[in-house]
Amino acid sequence: MFELIIQKAKQSNYDFRKGANPSDPLAHLFDDWVDYYKLKWAIANVLKPTSILEIGVRFGYSAQAFLYGNPDARYVGIDLDTNSYGGVKGAINWAKETTQSFDADFIIADTQTLEYLPGNIYDLVHVDGQQDGDGSFHDLELALKQGRYVLVDGYFWTRQNYVAVSDFLFRYANLLDFYGVIPGYAGELLIKTSPSCLEQLSHGQSYKSNSSLAIRQAYTADYYTKDCGGFDTYRRNKGKRLEDPRLQAIATISSLKTKGYVLDIGCGRGELTYYFARQGFKTTAIDYSADAIQLAVKCFDESKNLLTNVSFFVMMLALFRYKLNMI
Ligand SMILES: C[S@@+](CC[C@H](N)C(=O)[O-])C[C@H]1O[C@@H](n2cnc3c(N)ncnc32)[C@H](O)[C@@H]1O
């Protein structure tokens, strides 16, 4: 498999520069990155993952490489959307635009605060977020629970990252089927997790009565679009109008205020998030269902300019309060 990936990467004509942002502050490095993204393309082309989750999207160059390598894949990207850890605020919008023709969704969230990645099991999890040793270790622990294959970017990026990722390989050796490193720009570490452990770590967790995961996993896209109160009006108007009496009541009460901040706790499909953002409120939407956040983001599909007023978080309220205390 490794030989095939390397051979395909060598033969590939994939050139990420076609979908790169000319205003990227690292544009002077683009020519050096061509082979690096050919390798990402080849990994998706050989593994043929039907579902991909990426931690650390930036301008979405890996997202594009994966999706062009395997166009039928469903992709979910998570990014902090700040100027830290190699990030560029707003870059995720470029990623959204350039992957519009694919099945791709993006979530703004801090993976360091997550216990589980949104959704369930993914064929491939790409770990390319907070590469500061501990951050990579945490993201790898998330990926281990939900990824059949885990691709770690930047294994050789810094000594700190190398030590932390090696520590992960050492500690979790009995949960990994195999792994290998493809040398290159920053060293790609490809890990195959063990199927039996994946079962235990993911599904096993969901049946623990003291875990909120069981509850969270009941809140699926199906639930929001076929069952949860107001689904019928939502399906008609894609969340753009408040026709459900329950939601209308909240909007009426909130009309006592005309500006300020809104915290939409348990935003669900996002009709109210969209409504408040359109009214000009700075809106923060949180939900512990990743499916909910994906639907809520979709409400803004035709009015992306409103997204500058909105922050989405997949997390539990307790974590969010903790985050607020930290700020
Ligand atoms: C090296 S860049 C990712 C590059 C991208 N995968 C590509 O190939 O184009 C790292 C990204 O991780 C994001 N990031 C850093 N810390 C994060 C965190 N705690 N949670 C989510 N994303 C994070 C940054 O915002 C940045 O966009």
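Started with the largest nonpolar core, which has 85 residues in this predicted model. I looked up the residues with the most contacts inside this core and got I107, V150, V152, A296 and F312. Which helix gives the most to the core? Helix α2, residues 30–47, does, with eight residues. I also checked the core against the domain bounds: at least three residues come from domain 1 (2–206), and at least three from domain 2 (219–326).

Leaving aside neighbours within four places in sequence, I find V152 in contact with V127, L140, V165, L189 and I191.

Next, the chain as a whole. I count 14 helices and ten strands in its secondary structure. Of the 327 residues, 43% are buried.

Then a sheet. This one is open, has three strands in the order β8-β9-β10, and its pairing is parallel. The edges are β8 (261–265) and β10 (310–314), each of which pairs on one side only. From one strand to the next, the twist averages 10°. A reminder to myself: strands of a sheet pair through backbone hydrogen bonds, either parallel or antiparallel.

How many bridges join β8 to β9? I get five, with β9 spanning residues 282–287 and the two strands running parallel. Within this pair, V262 stands opposite T283 of β9. Packed on the sheet is helix α13 (residues 290–298), which touches β9 and β10. The direction of α13 makes about 160° with that of β10.

Last stop, helix α4, residues 91–98. I listed its buried residues: A91, I92, W94, A95 and T98. Why do the buried residues of α4 line one face of the helix? Looking down the axis of α4, I see them fall within an arc of 155°, so one face is what they line. I then asked what covers these buried residues, and the cover includes α3 (61–69), β2 (74–79) and β3 (103–108).

Note on methods: Residues numbered from 1 in each chain as written. Predicted model: local features only at pLDDT ≥ 70, side-chain atom pairs only at ≥ 80, totals over all residues. Helix = DSSP H or I, 4+ residues; strand = E, 2+ residues; numbered from the N terminus. Buried ≥ 20, exposed ≤ 12 C-beta atoms within 10 Å, placed from the backbone. Pairing = 2+ DSSP bridges. Axes fitted to C-alpha atoms, helices over the stretch in contact; angles between N-to-C directions. Contact = placed C-beta atoms within 7 Å. Core = buried A, V, L, I, M, F, W, Y, C linked by C-beta atoms within 7 Å. Domains from an automatic or database assignment. Arc of directions from axis to C-beta.
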